[in-house]
Structure formats: structure tokens, C-alpha cells
Amino acid sequence: MNELTPREVVRELDRYIIGQDEAKKAVAIALRNRYRRNRLSDEMREEIYPKNILMIGPTGVGKTEIARRLAKLVKAPFVKVEATKFTEVGYVGRDVESIIRDLMENAIRMVRSEHAERVKDKAEMHAQERLVELLAHPVKKTSANPLDILLGKNKEPEMNEEERNTLSMRREEIREKLARGELEDRELEIEVEEAAPQLELGGASISIGDVFGGMMPKKMKPRRVKVKDARKILIEEESNKLIDKDDIQEEAVRRAEQSGIVFLDEIDKIAGRGGNGSGPDVSREGVQRDILPIVEGSTVTTKYGPVRTDYMLFIAAGAFQVSKVSDLIPELQGRFPVHVELRSLTQEDFEKILTQPDNALTRQYQALLEVDRVHLSFQPEALGEIAKAAMNANEMGEDIGARRLHGIFEELLEDVSFNAGGENMPEVQLEITPEYVRQHVKAAKETDVKKYIL
């Protein structure tokens, strides 16, 4: 996926986001430049840094979605943070370095999932054998003296030939029943690892086991579960045995450093608006000064080792309705050389949003209500009325972009969603017409302008 051309990247983004071609083009070029950089010699590669992007536009027009879909497209570690949650170092609040720690956690999770997928078949096979053994020969509870266990005096008596043959036949019988799915709801007792206590440090949870470097013995606890649930637990345990944690850590650090994408939202909220002489601005210019070294390139200490931020791609976004880009400190402006403006959505855009994306709201509500045997369909003119209602609502109130459609749809289908469901619910074919939209959505009703005439 890393070899996608900019045109192919834009084509993939078009499946989920309507319009905003300038922003799509900018992120597609940034992505392709990463691929180009990886093809260069080591000396030249060290000299080329990503060109960070600043997206400027109102809320709800696709800024976050573009960054999230881009990361998903190339399987890159991704983290979205809101700049307003951070304060200057030394004050109560989140430290900006936690951004990179969060990114590393996401990278570890992503790489571990990929490694687990590779060993899935072998883990399932081992888990099935453990399941057979637990069902055929359950572990007997003993209350022996711990000293006897240490001295090896608590061993189970040896089985004779007849007992071994009986146990072998029982295993084979259970294996066949498991294959046929006959024992899925049967209960059994397994031992699972008890989670170590967590410490809260700097807004992050740290396991006591990690603090002591794994020196503390793992505490096990018995748990009674059904076979289908036990299988999942055992598969996870076997996967953890088969994958190398050091390999996961090394690959996750490399991927975070070379492919990580950090999305800084609401950056306009930390832009200074001139000194007011009321003391230190710990949540605005102070945060900008702390973000600067992260964006410029520095080394952040994480529990997985030091992580460099030099080659991560930073995408910042903000509406900049009250403040301006020039209100950011000059050093931070210089670290976001690519500026793209995202425009407000038009009625035509709303109509496209309702029909073209793979995850269009019309498809989502059709799938949701089909669960309760209500089959929705929309007339093209009805979609035009919904788009017009969303446009009107944005013009009359606050412009919240495509998010307005969520409220419109809830209002439109409130009665249907409330009354649908139940065992006696018959199959219902419901066609949404323009008249239905006008009756159920306030913003779609004709406004009487006579009352405003003086």
C-alpha cells in the first residue's frame, strides 16, 4: 500500500470524503514523498524531512477524516490529539510528550495484531489441544503443603497402561465433538493470568509488573467459562508464546519513527491573541513552545525506549475563525510549510455525502433498521430535501458541516427507530419521500417570511 501514487491515494480518499481536493492532494503528495525518501541512499534519506501540513477550515468538513483514512490506508501508526488538552510543562495538565507515547502504544498494538495474525493457525491448533486436555483430564484442586510442591513431593501418581488408553480414547472423542461444535456451551475451569495493579503517573497507567521488569511472578486465578470463551483466552495465550516481544517492539519503534502520523486538532485554540498582561499563558503560547521541539524533531523517552520524532508527519488543523494563522508563534508556523484551506459544504456536497461514500449515512441507517425488519429506501428528491435542510440548519445556526446530517437523520427517523423492533414486528417497506422529509424535519419546513416584514 505504500507504493500508491498520489492519484490512487486521492481516489481511495474519495470513497469516504466528498470534495476538499486541495487537502487530499497535499496529504497524497506527503505520503508519496515518504515512499520516495525510503528509496534513497541512507545519507540522502537522513537529510529529507516530511513537510508538515496545516489544514484551515470550519468544523465538520473532513479534516480529521482525511488524516484518519490516510493512516488506515497505509497502515501507519496514527494518533489524534486536541491541542487544548495540554498545558505548559510544570503545570497541571497533559504533557505534550504523551502524544508520542500514545502513538507508540498504537504502533505496538498494530504490530502485535499483525504478528498474532501470522501465527493464528498454529495458536488455534495449540489452543485446541489444550482445550481437549482440560476437558479430558481436568486439573484437580489440591491443598498440598507449598513446601512439598517445592521439594517435588506433590507429583500425581503414574497412570497404568489401561488408564492411559482410556484417557487417549476420551481425548479422541472430545476432539471429534469439538470439531462438530457440540461442546461450545459446556463450562470448564481454566487458570488465567491476573492483571497486575496499575499506577497512575503523569496521566498514564503503568503496570507494577513493568516497573519491576517482570521480576514479580505471574499470579494466576481460576475462572469458570464456556468452551467458546475458553478457546479465545487460550488462543491469545498461545499467540503470546509464539510471537517475539522484542521483534514487536523494534518494529513498532521503527514504524512510529518512519511512518507515524500525528494529527493536532484545534490548534487555533492555542494561538495567542496578543498579550493581556494577566500572567503566563500556560495553555496557549506555552503549549506552542512545548509542541515546537516535538514537531521540529526530538527524542522522546517511552517505556519501549527512545523514539525520534524527526521523520513523523504532523498534520495540524483548526477553524481559525477567531484567531489567525499569523497568531501562532513564527517558529511553529515555519514547521507547517504546507497550508491548505477546506471550504464549507454546499447543498450539492451534502447530496453527494448522502449517496457516494462507502459509509454514507443512508447505507448506515438502512443496515441498522433492517435488523428490525424495516427496509428503508430513499427517493432522489428526498435526499435533495435532506441536503437542503442540512444547509438551511447550518446557515440559520452554527455551521457544523457534515455533522449536521446526523441530527437531521435522527429527527427524520425518530418515530421509525422508536416503534421498530419486537418479535411481532412484520416486514415493513418504508420509502422516504420529499413530503415525509418536510413533515418530520423542522429545518425542511417552509419558513414564513411574512412575520419578519415590518
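# Reading contacts and surfaces in this model

User: Lys-177 and Glu-173 both lie in helix H8. How many residues apart are they, and what does that spacing amount to along the helix?

Analyst: Four residues, about one turn of the helix. H8 itself covers residues 161–180. Keep in mind that this is a predicted model.

User: Which contact does Lys-177 form with Glu-173, and what is the distance of the closest N and O atoms?

Analyst: Start with the cut-off: a salt bridge needs a side-chain nitrogen of Lys or Arg within 4 Å of a carboxyl oxygen of Asp or Glu. Here the closest N and O atoms are 3.5 Å apart, and the pair forms a salt bridge.

User: How many salt bridges does the structure hold?

Analyst: There are 31. One of them joins Glu-82 and Lys-80, with an N to O distance of 3.6 Å. Glu-82 is partly exposed at 27% relative accessibility. Lys-80 is partly exposed as well, at 30%.

User: Which side chain does Glu-105 meet in a salt bridge?

Analyst: Lys-303, again with N to O at 3.6 Å. To read such a pair, look up where each partner sits. Glu-105 belongs to helix H5 (residues 98–118), while Lys-303 is in the loop between strand E8 (299–302) and E9. They are 198 residues apart, and the pair links distant parts of the chain. Glu-105 has a relative accessibility of 28%, so it counts as partly exposed.

User: Now the aromatics. What describes a pair of rings?

Analyst: Two values do: the distance of the centres and the angle of the planes. To call a pair stacked, the planes must be under 30 degrees apart.

User: How many aromatic pairs does a search of the whole structure find?

Analyst: Three. One of them is Tyr-49 with Tyr-311: 5.3 Å centre to centre and 10° between the planes, which is stacked. Tyr-49 is in the loop between helix H3 (42–47) and strand E1 (53–56), and Tyr-311 is in the loop between strand E9 (305–308) and strand E10 (313–318), so the pair ties together parts 262 residues apart in sequence.

User: Is each of these tyrosines buried or exposed?

Analyst: Tyr-49 is partly exposed at 36% relative accessible area. Tyr-311 is at 5%, so it is buried.

User: What are the values for Tyr-365 and Phe-409?

Analyst: This aromatic pair is stacked: 5.2 Å centre to centre, with 25° between the planes. Tyr-365 is in helix H15 (residues 361–370) and Phe-409 in helix H17 (residues 404–412), so the pair ties together parts 44 residues apart in sequence. Both residues are buried. With Phe-378, Tyr-365 and Phe-409 form one aromatic cluster.

User: How far is the C-alpha atom of Tyr-49 from that of Met-312?

Analyst: 8.5 Å. Along the chain, Tyr-49 and Met-312 are 263 residues apart.

User: Next, the backbone. Which value of phi does Lys-75 have?

Analyst: It is near 55°, a positive value in a residue other than glycine. Lys-75 is in the loop between helix H4 (63–74) and strand E2 (78–82). With 54% relative accessible area, Lys-75 is exposed.

User: Where does Glu-266 lie, and what is its phi?

Analyst: Glu-266 is in the loop between strand E7 (261–265) and helix H12 (285–296). Its phi is positive, about 55°, although Glu-266 is not a glycine. At 26% relative accessibility, Glu-266 is partly exposed.

User: Last, surface charge. Which residues form a negative surface patch?

Analyst: Asp-244, Asp-246, Asp-247 and Glu-250. Take Asp-247 as the example. Asp-247 lies in helix H11 (residues 245–259). Its relative accessible area is 39%, so Asp-247 is partly exposed.

Definitions and conventions. Residues are numbered from 1 along each chain as its sequence is written. This is a predicted model: local features need pLDDT of at least 70, side-chain atom pairs count only at pLDDT 80 or more; totals for chains, interfaces and linings use all residues. Side-chain values use heavy atoms; hydrogens and water are left out. Patches are made of residues with over 30% relative accessible area and no salt bridge: like charges are joined within 9 Å, nonpolar side chains (Val, Leu, Ile, Met, Phe, Trp, Tyr) within 5 Å. Accessible areas come from the Shrake-Rupley method with a 1.4 Å probe; for residues, only the protein chains shown count as cover. Lys and Arg count as positive and Asp and Glu as negative; His and the chain ends are not counted. The place of a charge is taken as NZ of Lys, CZ of Arg, CG of Asp or CD of Glu. Helices (H or I, at least four residues) and strands (E, at least two) are DSSP runs, numbered from the N terminus. Buried means under 20% relative accessible area, exposed over 50%, partly exposed in between (1.4 Å probe, protein chains only). Rings of Phe, Tyr and Trp (its six-membered ring) pair if their centres lie within 6.5 Å; planes under 30 degrees apart count as stacked, over 60 as edge-to-face and the rest as tilted.
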